[in-house]
Amino acid sequence: NFRCSYNEKSACPSDKLKKSVSKFRRQKTIFDVCEISGNAESIKSKLESHISELSDDEIVIVDLMSNDSMLLKELNDIKYPSKTVIGVKKTDFTFNNVSKEIELNELDAEKNEIIKSYLSNYLKELDEREIHDICNFKGSTNPLFLKILLAELRVFGSFDQLKDEITSFGDSPFTAFTHVFERLEEDEKVRGDNLEIAKPLFSLLATSRDGGLSEEEIVTVLKDKYNLNEDDVRASVNLNLRQVRPFMARKEERHDFFYEKFREAARNKYADDYDDNIKLLTDYFRNKVNEDSKVARPYMELPYYLNESNETEELKKILSSYSFIKNKLYSSNDVYSLISDYNYLNLGDDEDHPLNLIKRALELSSPVLMNDSHELPTQFWGRMNEINDEKIKDLLDDLQSSEDMRIKPTSGILYSPKSSII
């Protein structure tokens, strides 16, 4: 058996790629579908993580939807299994370490069949002239643009002014996604909805960092901001999200943009709302941190939003607080996420800055804390109790008063963050 990563919902269908996949399907191949999106660095990281779980006997088929030069360079650095096929749009770039590279041309002869097949799933049908109008439109050579257009035609009541409707999508995924937001906002006005949620919903998602927001987070922030009924907000949020489901990702109960162009269009359209939304999300996660010490999510998010809202002093305060450090580490068991929070502060080369000392103490302790986060008190005390710094002393005083320490070293028996071990 082989395990192949292939996205059947790809916006970049190709006969060549389909033939490669169907060959393994006839052999009763095991298929593991993995959809990956994000910026170049995050895509590389996710793909490497996925590939690391595969043996060299397994076949990987990568359907690459972008020919962005930075992305291609990042992906070329990956060590692929020996049986790797990459489908890539026409470009001068060549992958060095894959067994086969297939060129994915822009849609041409396939467009007619794609249009008919897609719309038939929703009991919609276009005549040959209307299909011809779509196929001749400049933007339709882009697979993602065509996918957006067809998804919107599902809810388009009449095709009488089809040419005018197509023109309103522009000629790129970015302009098409912008039109989707405009259509959602206009629909709420036409329906006479008491709640016009589309704009605040997608502007909030555009402000959130990669990974998105849960329904509960979205609903709570919007109902509190506008003083609205929770059930009404939830119903309106779900209505809008359902309409863009083909372009959204959902992971760990959180909603996020699947396509980067969708996120870019949202951030561009709702750029004026960014600062207000950052403040809303900062306040939300700050309140959640104060409410519950056992849920990891607020502790993972708050440092990012404090940094984005330029609340530097508050960020320094929580990252020198034993309570915050402990609660984040105990709830998430992710010491490396905690260490990365200190990078927001840009403390530079001041090695004796207390926050740099705390960060280095965590780095020195990380192998132990990865196995047992509850070793934090002993590690902190053993590494920092002989450092003469007011903030460090305050942190260790909080540590002692918490009675968390199982074993209390009588002296600094562990490497100090002031040592040259790092």
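The following questions and answers walk through a predicted model of one protein chain.

User: How many helices and strands are there in the chain?
Analyst: This is a predicted model in which local features need pLDDT of at least 70 and side-chain atom pairs count only at pLDDT 80 or more, while totals for chains, interfaces and linings use all residues. Residues are numbered from 1 along each chain as its sequence is written, and side-chain values use heavy atoms, with hydrogens and water left out. Helices (H or I, at least four residues) and strands (E, at least two) are DSSP runs, numbered from the N terminus. On that basis the chain holds 20 helices and eight strands.

User: What percentage of the residues in the chain is buried?
Analyst: A residue is called buried when its relative accessible area is under 20%, exposed when it is over 50%, and partly exposed in between, with a 1.4 Å probe and protein chains only. The chain has 422 residues, and the buried share of them is 48%.

User: Among contacts between residues at least 6 apart in sequence, what percentage joins residues at least 24 apart?
Analyst: A contact here means heavy atoms within 4.5 Å. Of the contacts in the chain between residues at least 6 apart in sequence, the share that joins residues at least 24 apart is 63%.

User: How far does helix α10 reach from its first C-alpha to its last?
Analyst: Helix α10 covers residues 215-226, which gives it 12 residues. The expected span of a helix is 1.5 Å times one less than its number of residues. For α10 the expected value is 16 Å, and close to it is the reach in the model, 17 Å.

User: Which residues of α10 are buried, and what covers them?
Analyst: The buried residues of this helix are E215, E217, I218, V219, T220, V221 and L222. Their cover includes the strands β6 (213-214) and β8 (254-257), together with the helices α9 (198-207), α11 (230-243), α13 (274-291) and α14 (296-308).

User: Which side chain makes a polar contact of 2.8 Å with the side chain of E217?
Analyst: E217 lies in helix α10 and is buried, because its relative accessible area is 6%. Leaving aside neighbours within four places in sequence, E217 is in contact with Y284, F285 and R297. A polar contact is a pair of N or O atoms within 3.5 Å, where within protein one must be able to donate a hydrogen and the other to accept it, and where residues adjacent in sequence count only if both atoms are side-chain atoms. The side chain of E217 reaches the backbone nitrogen of S214 at 2.9 Å, and the side chain that it joins at 2.8 Å is that of R297.

User: Which side chain is joined to that of R234 by a polar contact of 2.7 Å?
Analyst: R234 is found in helix α11, and R234 counts as buried because its relative accessibility is 18%. Not counting residues up to four places away in sequence, R234 touches E215, E216 and V219. The side chain of R234 makes a polar contact of 3.4 Å with the side chain of E216, while the partner at 2.7 Å is E215.

User: Is N227 buried or exposed?
Analyst: N227 lies in the loop between α10 and α11, and its phi is positive, at about 55°, although N227 is not a glycine. With a relative accessibility of 71%, which is why the cut-off is passed, N227 counts as exposed.

User: Which backbone oxygen does the side chain of N277 reach?
Analyst: N277 is found in helix α13 and is buried, because its relative accessible area is 3%. Not counting residues up to four places away in sequence, N277 touches S203, L204, T207 and K225. At 3.2 Å, the side chain of N277 reaches the backbone oxygen of S203.

User: Which helix gives the most to the lining of the largest cavity?
Analyst: The lining of the largest cavity is made of S203, A206, T207, A266, R267, Y270, A271 and Y274. Both α9 and α12 (260-269) supply at least two residues each to this lining. The helix that gives the most, with three residues, is α9.

Definitions and conventions
1 Å grid on protein atoms, 1.4 Å probe; cavity = no way out; pocket = protein on both sides within 12 Å on 5 of 7 lines; lining within 4 Å.
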